[in-house]
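Please look at the sequence and the structure below before reading this note.

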Amino acid sequence: MEDAVQGKATPLRAVSRDAEACQEIPQEPMFDLIELFFFAYRDFVGDADRLLLRYNFGRAHHRVLHFVDRRPGLAVAELLDLLKITKQSLSRVLKDLLDQNYLEQRLGLSDRRQRLLYPTDKGRALALDLAQLQSRRFARALESLPAGTREQTTAFLAAIRDSAPGETP
């Protein structure tokens with residue numbers, strides 16, 4: 001934590017001489033970034049966690065509600081793939097959201113075996129409350145930083161994550 005608090009940078013070395021593929025890897029672990037990322041994530045999800053407690057929901061409920069709200073008509077199979085989880089781990093969470101009328105499930109029009117998920121008005125309202133809560137944290141962080149930081153942060157986070165084939169990073 002000391003590195004993160006003091007803002008010490010970890011020395012880097014280039015692993016490729018090729019200008020196009022010049023990637024740098026740390027000679028030592030980037031403890032400063034690892035710790036800052038851990039604490040930022042903890043606090044970012046903590047805001048939503050406190051709101052979700054009122055509903056007896058957890059982070060899994062939040063993720064499902066978020067993606068169904070952002071992609072109405074999302075097939076259960078696509079949700080499983082998107083979240084990289086199993087049917088078993090989705091089952092209880094989905095049941096809670098369906099039983100409490102935050103989501104509704106419809107059969108596919110062309111394939112009746114397909115289960116499509118849609119947010120209800122109640123589900124959209126909760127998803128929006130959660131998104132606004134987390135957006136306020138982003139806005140507070142970005143307001144004191146230079147112009148273009150949001151775009152740079154977006155590029156940085158996209159570069160960290162693994163993209164599925166055909167998925168936009």
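The numbered points below go through helices and loops in turn.

1. Basis of the note. This is a predicted model, in which local features need pLDDT of at least 70 and side-chain atom pairs count only at pLDDT 80 or more, while totals for chains, interfaces and linings use all residues. Residues are numbered from 1 along each chain as its sequence is written, and side-chain values use heavy atoms, with hydrogens and water left out.

2. How α3 and α4 pack. Two packed helices are described by the angle between their axes and the distance between the axes. Helix α3 covers residues 59-70 and helix α4 residues 76-83; their axes come within 11 Å and cross at roughly 120°. Helices here are DSSP runs (H or I, at least four residues) and strands likewise (E, at least two), numbered from the N terminus. Axes are lines fitted to C-alpha atoms, for helices over the stretch in contact, and angles run from 0 to 180 degrees between N-to-C directions. The pair α3 and α4 is therefore oblique (under 35 degrees is roughly parallel, over 145 roughly antiparallel, 65 to 115 roughly perpendicular, the rest oblique).

3. What α3 and α4 touch with. On the α3 side the contact has Arg 63, Val 64, Phe 67 and Val 68, and on the α4 side Leu 79, Leu 82 and Leu 83; contact means heavy atoms within 4.5 Å. The residues of this contact of α3 with α4 divide into 6 nonpolar, no polar and 1 charged (Ala, Val, Leu, Ile, Met, Phe, Trp, Tyr, Cys and Pro are nonpolar, Asp, Glu, Lys and Arg charged, and the others, Gly among them, polar).

4. How α2 and α6 pack. Helix α2 and helix α6 have axes 9 Å apart, at an angle of about 150°. The two helices are therefore roughly antiparallel to each other. Residues of α2 in the contact include Phe 44, Val 45, Ala 48 and Leu 51, and those of α6 include Leu 126, Leu 130 and Phe 138. The contact of α2 with α6 divides into 9 nonpolar, 1 polar and 4 charged residues.

5. With 12 residues at 1.5 Å each, α3 should span 16 Å, and its end C-alpha atoms are 16 Å apart, which agrees; the expected span is 1.5 Å times one less than the number of residues. Helix α6 (residues 121-143) has 23 residues and should span 33 Å; its end C-alpha atoms are 32 Å apart, which agrees. Buried in α3 are His 61, His 62, Val 64, Leu 65 and Val 68 (buried is under 20% relative accessible area, exposed over 50%, partly exposed in between, with a 1.4 Å probe and protein chains only). In α6 the buried residues are Gly 123, Leu 126, Ala 127, Leu 130 and Gln 134, and their cover includes α2 and α3.

6. Positive phi in two loops. Asn 56 is not a glycine, yet its phi is positive, about 60°. Asn 56 sits in the loop between α2 and α3 and counts as exposed at 68% relative accessibility. Lys 84 also is a residue other than glycine with positive phi, near 55°. Lys 84 belongs to the loop between α4 and α5 and is exposed, with a relative accessible area of 60%.

7. Not counting residues up to four places away in sequence, Thr 120 touches Asn 101, Tyr 102, Leu 103 and Glu 104.
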